[in-house]
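Student: Could we go through this chain together, beginning with the overall fold and then turning to single residues?
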Amino acid sequence: MSVFTSITKAQLQMLLTHQQLELGDFTPAAEGIENSNFFVTALDAQGQQRQLVLTLMEGSSREAALWFHGLLTSLAMDGLP
């Protein structure tokens with residue numbers, strides 16, 4: 001399994017609250033070799049179900065995390081999920 005760092009349902013809900021999402025369910029991803037990955041189902045403020053992937057970056061530098069954040073933000077702004 002591709003989980004090196006475990007996360008509890010309460011911890012994940014706290015994280016999602018900052019994004020105005022309500023946790024439905026989550027499962028660890030079986031794929032991956034470097035990070036902890038989870039498939040997350042959440043509800044947004046309009047009650048719409050959202051499918052998300054949570055990646056906990058293991059051993060990456062702050063600079064690398066910020067670079068990936070910028071990339072994902074840019075892709076989202078271009079309409080990519």
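This is a predicted model: local features need pLDDT of at least 70, side-chain atom pairs count only at pLDDT 80 or more; totals for chains, interfaces and linings use all residues.

Student: What box do the C-alpha atoms fill?
Tutor: Along the principal axes, the box is roughly 35 × 30 × 20 Å. The accessible surface of the chain is about 6,100 Å², and 58% of that belongs to carbon and sulfur atoms. Accessible areas come from the Shrake-Rupley method with a 1.4 Å probe; for residues, only the protein chains shown count as cover.

Student: What share of the residues is buried?
Tutor: Of the 81 residues, 21% count as buried. Buried means under 20% relative accessible area, exposed over 50%, and partly exposed in between (1.4 Å probe, protein chains only).

Student: How do the strands pair, parallel or antiparallel?
Tutor: Strand 1 (residues 22-28) pairs with strand 2 in the antiparallel sense over 6 bridges, and D25 has T41 of strand 2 as its bridge partner. Strand 2 and strand 3 (residues 49-56) also pair in the antiparallel sense, over 8 bridges, with F38 opposite L54 in strand 3. Two strands pair if DSSP finds at least two bridges between them.

Student: What lies between strand 2 and strand 3?
Tutor: The two strands form a hairpin with 5 residues between them, and G47 in the turn has a positive phi of about 80°.

Student: Why is strand 2 described as largely enclosed?
Tutor: Strand 2 is largely enclosed by the rest of the structure because 6 of its 8 residues are buried.

Student: Which residues make up the largest nonpolar core?
Tutor: That core has 10 residues: I7, L12, L16, L21, L23, F26, F38, V40, A42 and L54. Helix 1 (9-17), strand 1 and strand 2 are the elements that give two or more residues to this core, and strand 2 gives the most, with 3 residues. A nonpolar core is a set of buried Ala, Val, Leu, Ile, Met, Phe, Trp, Tyr and Cys residues joined through side-chain atoms within 4.5 Å.

Student: What is L16 in contact with?
Tutor: Leaving aside neighbours within four places in sequence, L16 is in contact with L21, L23, V40, A42 and L52. Contact means heavy atoms within 4.5 Å.

Student: Now S36; is this residue buried or exposed?
Tutor: S36 is in strand 2 (residues 36-43) and is buried, with a relative accessible area of 0%.

Student: Which backbone nitrogens lie by the side chain of S36?
Tutor: A polar atom of the S36 side chain lies 2.7 Å from the backbone nitrogen of F4, and the backbone nitrogen of T5 lies 2.8 Å from a polar atom of that side chain. A polar contact is a pair of N or O atoms within 3.5 Å; within protein, one must be able to donate a hydrogen and the other to accept it, and residues adjacent in sequence count only if both atoms are side-chain atoms.

Student: What is the phi of Q20?
Tutor: Q20 has a positive phi of about 60° although it is not a glycine. Most residues other than glycine have a negative phi. Q20 is in the loop between helix 1 and strand 1 and counts as exposed, at 63% relative accessibility.

Student: Finally, what follows helix 2?
Tutor: Helix 2 is followed by G79, whose phi is positive, near 90°.

Note on methods:
Residues are numbered from 1 along each chain as its sequence is written. Side-chain values use heavy atoms; hydrogens and water are left out. Helices (H or I, at least four residues) and strands (E, at least two) are DSSP runs, numbered from the N terminus.
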